[in-house]
Amino acid sequence: MQSSAARTLPRLAGLVAAAALLLPVRSARAQVAGGASVAPIQQPYPERWLNYGQPNQQDLGVSTRPINMNPYGISYDDCIKDMTLVFSVYLSGFTGSQNLQIWATKSGDCTSTMARGIGLMPTCWQLPGGFTEQVITGTQQYAIRVQDIVGPQNLTNPDGSALTATYHRWGPEACGEQQTFAAVPITLWFLPLDNTGAVAGMAFSTNPPISTDMVGPPAPVGVSTSAGDSLMIVNWVANSDSDTAGYDVFIDPPPGVTPMYTPPPPVLYCPPGSADASTGGASASDAAATGDAATGDAATGDAATGDAMTVDASDASSAPAVASDASSAPAVQSDAGCFYVNVNGGSVAQTGANQCTSSALQNGVVTLEGGTTTSTPQFDDAGNLLDSGTITSGGGRSNISCTYVLGGVGSDCNAGGGQTITGEPNSSYTITGLENGATYNVVVAAVDATGNVGPASPLTCDYPAPVKDFWKIYRDAGGKAGGGFCALETLGAPAGSAVAFGSLGALLAAILRRRRRAT
């Protein structure tokens, strides 16, 4: 006859089996290995919190950046905001002599006692939390501050001393510990340990490691500008490092903000000795600059009444020949001998790019500690100095206000909100909606895949202006002859003639005078 105890055992076994089915699948699989077990519930992405444990705590979810910007990694912005990562794990199989500890490392493994500083200098650092005494099994949540994760990466304590095997709380200084602009992978380990420090079961580690990157890429070099009607084109040499994911272009003042100073428009200049400046008769220079000035019939009168030409009524032969902006070649004599030139006392072409000034853009750079700077003059194709500033040879961080960034990035440009232009190979960006004649300051900064904005390039400046064309002026004045002359592609470029300049200039002068008398 079967005893009551024997009859009870199968029923107990069935109950145990049924209860096991209620456990998470991962935990059940981990338990098969025997001993204590740590199994992830929310692996590999922990919840992100600001002000964790405070009345104003804020749950940010598992990511704070777009999917293309390393949303599950750690950035400088995450660190400086003192973000907390909350990991959910399932603990089972622990005995009274075992405990749970949490460690982090750059080397990949914290399971050996030596890696945790038993007998050797540690290559892992301990994090707060876990159980040092009786482990409470079941689902547990562990809140770990980002600053504690990234701070000891150089194997030091917060006071700079060599890393020890005990936990030390880090503050904002942790956010400056990364020594290069390349991302640093850090692995967290949840270890079931016995009373000797040896692993006593199945551990859990973050896999893949957490990509931590708190330093932006190097500044782009060779930044230059060219200007057109209400626009500027910014060019640079594309970065070739492993960190750059795009670029932010900053401008001061931003489009839509009234500039503080507007330079005068360019004037026409015919150098002495050119055919137009020396004929003394009815020529294009008569219509454009000085010929009518002697009779009080200067072309500036028409400019004031709406005609397209804007010139200087003084002796054109004394005007300096300067380029319209820093990115175009200096004016050189053409067959017609006439040029549009800027006479703005603050123009980049006259005074050099080191006259550009913007406290908002120049004072917003934090260079990586230990980084070096190198003087890097930049010249245009004609050998004119464009910028004599310096660039950093390594990465760093920019804290330029997002007010000045272009491309719709918005107020979170330093927090992974995107880039002005995405893709490391890109090397040009067109800024539209600018005010003609107003001086704009520009810098370019590279952005990495975690949203860190690197040091900005040296400052450059320029001002947009409309393209002026002698042929258009002639036709607007009523001229009917075919062909064009003194056509100008960009401000500061030579205005060449394809026809006899003197006779056509006389015709233009006559038309201009006729229109003035008619009004």
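Student: What is the handedness of the link of C79 and C175?

Tutor: This is a predicted model, in which local features need pLDDT of at least 70 and side-chain atom pairs count only at pLDDT 80 or more, while totals for chains, interfaces and linings use all residues. Residues are numbered from 1 along each chain as its sequence is written, and side-chain values use heavy atoms, with hydrogens and water left out. A disulfide, meaning a pair of cysteine sulfur atoms within 2.5 Å, joins C79 to C175 with an S to S distance of 2.1 Å. The angle about the S-S bond is -90°, and the link of C79 and C175 is left-handed.

Student: How many residues apart in sequence are the parts that C79 and C175 tie together?

Tutor: Helices (H or I, at least four residues) and strands (E, at least two) are DSSP runs, numbered from the N terminus. C79 belongs to helix 3 (residues 76-80), whereas C175 sits in the loop between helix 4 (146-150) and strand 9 (184-193), so the parts tied together by this pair are 96 residues apart in sequence.

Student: Are C79 and C175 buried or exposed?

Tutor: The terms rest on relative accessible area, taken with a 1.4 Å probe and protein chains only: buried means under 20%, exposed over 50%, and partly exposed in between. By that rule, both C79 and C175 are buried.

Student: How many residues apart in sequence are the parts tied together by C110 and C124?

Tutor: A disulfide also joins C110 to C124, with an S to S distance of 2.2 Å, and at -110° about the S-S bond this link is left-handed. C110 lies in the loop between strand 6 (99-105) and strand 7 (124-131), while C124 is in strand 7 itself, so the parts that the pair ties together are 14 residues apart in sequence.

Student: Why is the disulfide of C402 and C413 given a handedness, and which one is it?

Tutor: C402 and C413 form a disulfide whose sulfur atoms are 2.1 Å apart. Because the torsion about the S-S bond of C402 and C413 is about -90°, the disulfide is left-handed.

Student: How many disulfides does a search of the whole structure find?

Tutor: In general, a disulfide is a covalent bond between the sulfur atoms of two cysteines. The links of C79 with C175, C110 with C124 and C402 with C413 are among those found, and the search of the whole structure gives a total of four.

Student: Why do the rings of Y45 and Y72 count as they do, and what is the pair called?

Tutor: Rings of Phe, Tyr and Trp (its six-membered ring) pair if their centres lie within 6.5 Å, and planes under 30 degrees apart count as stacked, over 60 as edge-to-face and the rest as tilted. The structure holds six aromatic pairs. In the pair of Y45 and Y72, the ring centres are 3.6 Å apart and the planes are at 20°, so the pair is stacked.

Student: Which residues do ring pairs link into a cluster?

Tutor: The word pair keeps its meaning here, with ring centres within 6.5 Å. The residues that ring pairs link into a cluster are F87, Y142, F190 and F204.

Student: Which side chain of opposite charge is the nearest to D241?

Tutor: Lys and Arg count as positive and Asp and Glu as negative, with His and the chain ends not counted, and a salt bridge is a side-chain nitrogen of Lys or Arg within 4 Å of a carboxyl oxygen of Asp or Glu. D241, placed in the loop between strand 14 (231-237) and strand 15 (244-252), is buried yet has no salt bridge. The nearest side chain of opposite charge is 15 Å away, and it belongs to R397.

Student: What is the phi of S230?

Tutor: Most residues other than glycine have a negative phi. S230 lies in the loop between strand 13 (221-228) and strand 14, and it is partly exposed, with a relative accessible area of 26%. Although S230 is not a glycine, its phi is positive, at about 65°.
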